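Work through each task before turning to its solution.

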Amino acid sequence: MNDQESDGSMSTAKLLFGLAMVALVAQPAIGQTRLGDKDRARVARAAPSEREEVRYCLIERKKGGKKGAIIGAAGGAGVGVIAGGNVGETLLGAGAGALAGHLIGKGGGKRCGDVLRRNP
């Protein structure tokens, strides 16, 4: 086995190990989503018939942001490892991926977007 083959398999092993760790860490982070003071006040201000839906949408938006950040960080780091970047470049890719994933994950859906626009 030459050096290129061992480097490639090592990068793949690192990537798979990193993805496995992300999967283990992501579940508790996503499962413990709670509303902060501002979000609880927003639910209280909502129309009585929509309070439960506003609460649900706010929690789902938080979960989506967390999940998106974790997946984006793993994806960005994976690209850095596969592309052969050094540690700094890989961390930069992970940070950019986390930011993009967080913003995309918070998007929610059309229904929640409509509910939250009606109840600012």
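**Exercise 1. Determine which residues of helix H3 and helix H5 meet, and characterise their packing.**

Solution. Step 1: list the residues. Glu 53, Val 54, Cys 57, Leu 58 and Arg 61 of H3 are in contact with Arg 111, Cys 112, Val 115 and Leu 116 of H5, where contact means heavy atoms within 4.5 Å. The model is predicted: local features need pLDDT of at least 70 and side-chain atom pairs count only at pLDDT 80 or more, while totals for chains, interfaces and linings use all residues. Residues are numbered from 1 along each chain as its sequence is written, and side-chain values use heavy atoms, with hydrogens and water left out.

Step 1: sort the residues by class. The contact of H3 with H5 divides into 6 nonpolar, no polar and 3 charged residues. Here Ala, Val, Leu, Ile, Met, Phe, Trp, Tyr, Cys and Pro count as nonpolar, Asp, Glu, Lys and Arg as charged, and the others, Gly among them, as polar.

Step 2: describe the geometry. H3 covers residues 51-82 and H5 residues 110-118; they pack at an angle of about 120°, with their axes 9 Å apart. That angle makes H3 oblique to H5. Angles under 35 degrees count as roughly parallel, over 145 as roughly antiparallel, 65 to 115 as roughly perpendicular and the rest as oblique. Axes are lines fitted to C-alpha atoms, for helices over the stretch in contact, and angles run from 0 to 180 degrees between N-to-C directions. H3 passes H5 in a left-handed crossing; a crossing is left-handed if the near helix is turned anticlockwise from the far one by less than a right angle, and right-handed if clockwise.

Step 3: examine one residue of this contact. Cys 57 is found in helix H3 and counts as buried, at 2% relative accessibility. Buried means under 20% relative accessible area, exposed over 50%, and partly exposed in between (1.4 Å probe, protein chains only). Not counting residues up to four places away in sequence, Cys 57 touches Cys 112, Val 115 and Leu 116. Cys 57 and Cys 112 are 55 residues apart in sequence, yet their C-alpha atoms are 5.5 Å apart in space.

**Exercise 2. Describe how H3 packs against H4, and determine whether Gly 65 is buried or exposed.**

Solution. Step 1: take the geometry. The axes of H3 and H4 come within 6 Å and cross at roughly 150°. H3 is therefore roughly antiparallel to H4, and passes H4 in a right-handed crossing.

Step 1: inspect the contact. Its residues include Gly 64, Gly 65, Gly 68 and Gly 72 of H3 and Gly 93, Gly 97 and Gly 101 of H4. By class, the contact of H3 with H4 has 6 nonpolar, 12 polar and 2 charged residues.

Step 2: examine Gly 65. Gly 65 is buried, with a relative accessible area of 0%. Leaving aside neighbours within four places in sequence, Gly 65 is in contact with His 102, Gly 105 and Lys 106.

Step 3: contrast Gly 107. Gly 107 is found in the loop between H4 and H5 and is exposed, with a relative accessible area of 55%. The C-alpha atoms of Gly 107 and Gly 65 are separated by 8.1 Å.

Methods
Helix = DSSP H or I, 4+ residues; strand = E, 2+ residues; numbered from the N terminus.
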